[in-house]
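Open the model in a viewer and keep the selection panel at hand. The stops below can be taken in order.

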Amino acid sequence: MIRETIVTTRSPEGVPHIAPMGATVIEGGYLLQPFRPSRTLDNLAATRIGVVNFIDDVRIFAACVIGRKLNVDVSKATYIDCPRLADALSHDEITVDRVEEHPQRPKFFCKTYHSEGHRRFEGLNRAKAAVLEAAVLVSRLSMLSDEKVDQEMAYLTIAVEKTAGPEELEAWGWMVEAVAEHRRKRAS
């Protein structure tokens, strides 16, 4: 099972980094496979610690994917010297147990050192799932045909129109803009 999360890491100098990532659940922790090159990969390799954050604010996923600056507060994790998202529903502090090298996506096998809950989960919202799926699409625009993107976005629009709140509508707008911007750049 892959959980869509926000992984926070820090550089050896202490600079926080926030990235959306599918964290594969394994016995005792997670398998993380950041792409090469990435700051998440560099930070995990250098510090061997990170935090898997569970959130319900899809704007963070959307902003990370399109490189939009979003004011996201971090605080120190409870036991490891790594930042966590201050507004996370919960978080798991992880340590890298071992690494399997790969030219494109090394495998970081991580153990959960500590788990902690912070806020109540208020339930599912189909628009949140739609924005998350759109963020995945946007991260792969160069690999997908316009027809496929249009088909997926049209289907996801239904959930957004029926169930979105202000946060989901804002993030959805960013995804729609990102698709349009990709096409403008490709056409010029």
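The tour goes from the barrel to the cysteines, then to the cores and the helices.

This is a predicted model, in which local features need pLDDT of at least 70 and side-chain atom pairs count only at pLDDT 80 or more, while totals for chains, interfaces and linings use all residues. Residues are numbered from 1 along each chain as its sequence is written, and side-chain values use heavy atoms, with hydrogens and water left out.

**Stop 1: the barrel**

Show the strands as a cartoon. Six of them form a closed barrel in the order β1-β2-β3-β8-β7-β4, with antiparallel pairing. Neighbouring strands of this sheet are turned by 45° against each other on average, direction ignored. Strands (E, at least two residues) and helices (H or I, at least four) are DSSP runs numbered from the N terminus, and two strands pair if DSSP finds at least two bridges between them. Axes are lines fitted to C-alpha atoms, for helices over the stretch in contact, with angles from 0 to 180 degrees between N-to-C directions.

Select residues 49-54, which are strand β4. How many of its six residues are buried? Six of the six are, where buried means under 20% relative accessible area (1.4 Å probe, protein chains only). I49, V51 and N53 lie on one side and G50, V52 and F54 on the other, so both faces are covered.

Strand β1 (residues 2-10) pairs with β4 in the antiparallel sense over three bridges; I6 has N53 as its bridge partner. Strand β7 (residues 90-100) is also antiparallel to β4, over six bridges, and T95 in β7 is the bridge partner of I49.

Move to β3 (residues 29-32) and β8 (residues 107-117), an antiparallel pair with four bridges. Here L31 stands opposite F109 of β8.

**Stop 2: two cysteines**

The model has zero disulfides, a disulfide being a pair of cysteine sulfur atoms within 2.5 Å.

**Stop 3: the cores**

The largest nonpolar core has 21 residues, of which M153, W172 and M175 touch the most other members. Such a core is a set of buried Ala, Val, Leu, Ile, Met, Phe, Trp, Tyr and Cys residues joined through side-chain atoms within 4.5 Å. Helices α2 (58-66), α3 (126-139), α4 (146-163) and α5 (166-187) each supply at least two residues of this core. Apart from it lies another core, of 13 residues, including L32, V52, F108 and C110.

Centre on W172. Not counting residues up to four places away in sequence, W172 touches A130, V131, A134, M153, L156, T157 and V160, contact meaning heavy atoms within 4.5 Å.

Next, select V179 in helix α5.

**Stop 4: α2 against α3**

Show α2 and α3 together. Their axes come within 9 Å and cross at roughly 10°, which makes the two helices roughly parallel (angles under 35 degrees). V58, F61, A62, V65 and I66 of α2 make the contact with K128, V131, L132, A135, V138 and S139 of α3.

**Stop 5: N43**

Finish at N43 in helix α1 (residues 39-47). N43 is buried, with a relative accessible area of 6%. Leaving out residues up to four places away in sequence, N43 touches T9, R10, S11, H17 and R48.

Terms used. Buried means under 20% relative accessible area, exposed over 50%, partly exposed in between (1.4 Å probe, protein chains only). Angles under 35 degrees count as roughly parallel, over 145 as roughly antiparallel, 65 to 115 as roughly perpendicular and the rest as oblique.
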